Amino acid sequence: MQNSERALVRIVKQVCNKHLINLQCMSGDWILRLEKDQRIRFIYGYKFDLNGAACLLVADDKCATYDVLSLVGIPAVPHHLFLKPELFSYIGAKGNWEKVLELVEQWGFPIVCKSNLGTGGKQVYFVNNQQELEQSFQELFVNNRGVAIAPYLSIKDELRFVLLQGETLIAYRKIRPDLIGDGRSSFLELLDQLLKERKARLKPSDLYQSPYFFDKVLADGEVFPLHQLHNLGKGAIPERIEHPEAEDLAKRAAAAIGLQFGSVDIVIDQTGKLAVLEINSGVMMEALSVRLDAGGDLAFEVYEKATLAMFPDATVD
């Protein structure tokens, strides 16, 4: 998808036309310049000109988010940062490995290794042993200054709250695509049915670790997750929800870093315990707008409110 085809670009153009906001698109529509009543604001990618610079950096840094939230007593999934070797001057002569092994001893395998600044479920490794641990670090350090490691959680639900200045604009859970056996249909037949019903986007690389042959028949009621991640970009389906306890946690997390516009992801484990997984300073609604009933109207409402919030004293047409 080209930048000009993004739902955000299309909607912001409509919003600016509706409210007589002058809009100029640059860098292949990745940077948008908005002007109203001699006030200039920008949208860069999916980030609106509402959050402070330090807030944006904290939100985009998984380990910084955990440090800030845990400091003020907000439950969050632990993330610990390890810098690539050429940056050891910042962390001392001990290097990384002693601390990494301490965390592995504390949590046990499996653990999760990921890019500290990654988005969209990219560059996430589920590590089951020492060999995979070393390999994941090596691969992540190729393109990243820092690696975050976290304990593996058996997640029952992952919820997202899109917030604007303390107001919840949308709350939804991300339903991971699973195959459920019926005792008759093969893995491939169940997969074909799922893709047709949910219009889930799955790439061959999402399935390469599958332990099943495609002609394997899953037992009646057997659940096989096609992906361990709950990202919409990995085929998950959004479902609107109401969850006051999780919503309150999301709002407290946003307030703790001064987030004005963004989203907070809350995970619920098998025991019902809630924790903040991450905070996002950008709001992407590409998949949501097409997979949720009336998702296009909802995306318009969210982006319209965020756009107008950048011009609080301007004349609203």
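A salt bridge is counted here where a side-chain nitrogen of Lys or Arg lies within 4 Å of a carboxyl oxygen of Asp or Glu. In this predicted model, the count under that rule comes to 16 salt bridges. One of them joins Glu-102 to Lys-99, with the closest N and O atoms 4.0 Å apart. Both residues belong to helix α4, which spans residues 97–107, and they are separated by three residues, or about one turn of the helix. Glu-102 is partly exposed, at 42% relative accessibility, and Lys-99 is likewise classed as partly exposed, at 38%.

A salt bridge with an N to O distance of 3.1 Å is formed between the side chains of Glu-239 and Arg-173. Glu-239 is located in strand β13 (residues 237–240) and Arg-173 in strand β10 (residues 167–175), so that this pair ties together parts that are 66 residues apart in sequence. The relative accessible area of Glu-239 is 35%, which places the residue in the partly exposed class, and Arg-173, at 22%, also counts as partly exposed.

The side chains of Glu-86 and Lys-84 likewise meet in a salt bridge, for which the N to O distance is 3.4 Å.

Technical notes. Residues numbered from 1 in each chain as written. Predicted model: local features only at pLDDT ≥ 70, side-chain atom pairs only at ≥ 80, totals over all residues. Heavy atoms only, no water. Helix = DSSP H or I, 4+ residues; strand = E, 2+ residues; numbered from the N terminus. Buried < 20%, exposed > 50% of the residue type's maximum accessible area, 1.4 Å probe, protein only.
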